[in-house]
Amino acid sequence: MNAPLKPPVTAPPVIAEVLADACVSISNLKANPAAVVAEAQERAVAVLNRNRPVAYMVSPEVWEYLQRLHEDALDAALVEERMGELDEATPVALRDLLD
């Protein structure tokens with residue numbers, strides 16, 4: 001006698017978050033890269049491979065803005081770190097620094 005039929009075990013679907021206003025497959029990117037680059041000047045474009053984001057394309061202005069935000073975050077972290085060292089600081093008058 002045959003064993004009872006069991007439903008196949010399937011993995012839950014993998015859901016990838018896409019953080020862009022537009023998506024393009026790698027195949028379409030290869031077919032028409034100029035159009036995708038032009039679109040990326042207007043809005044963020046996610047490049048997908050097998051329906052998962054593998055890259056994002058943004059305009060140079062957006063990239064520069066993101067770089068400035070990153071640098072600001074690093075500076076803020078440095079300020080926080082140094083605020084903990086105030087007890088080791090040497091007091092200095094502003095006029096002494098300007099002379």
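Helices (H or I, at least four residues) and strands (E, at least two) are DSSP runs here, numbered from the N terminus. By that naming, Ser59 sits in the loop between β3 (52-57) and α3 (60-83). The model is predicted, so to speak of local features takes pLDDT of at least 70 and side-chain atom pairs count only at pLDDT 80 or more, while totals for chains, interfaces and linings use all residues. Residues are numbered from 1 along each chain as its sequence is written, and side-chain values use heavy atoms, with hydrogens and water left out.

**The core**
- Seven is the tally for the largest nonpolar core: its 7 residues are Ala22, Val24, Val36, Ala40, Val45, Val47 and Met57.
- β1 (22-25), α2 (33-42) and β2 (45-49) each give two or more residues to this core.
- A nonpolar core means buried Ala, Val, Leu, Ile, Met, Phe, Trp, Tyr and Cys residues joined through side-chain atoms within 4.5 Å.

**Around Ala40 and Ser59**
- Residues up to four places away in sequence aside, Ala40 touches Val45, Met57, Val58 and Ser59 (contact is heavy atoms within 4.5 Å).
- Ser59 has a relative accessible area of 4%, so it counts as buried (under 20%; exposed is over 50%, partly exposed in between, with a 1.4 Å probe and protein chains only).

**The salt bridge**
- The count comes to 1 salt bridge, meaning a side-chain nitrogen of Lys or Arg within 4 Å of a carboxyl oxygen of Asp or Glu.
- Glu39 pairs with Arg43 in a salt bridge, and their closest N and O atoms are 2.3 Å apart.
- Glu39 is partly exposed at 29% relative accessibility, and Arg43 is partly exposed at 36%.
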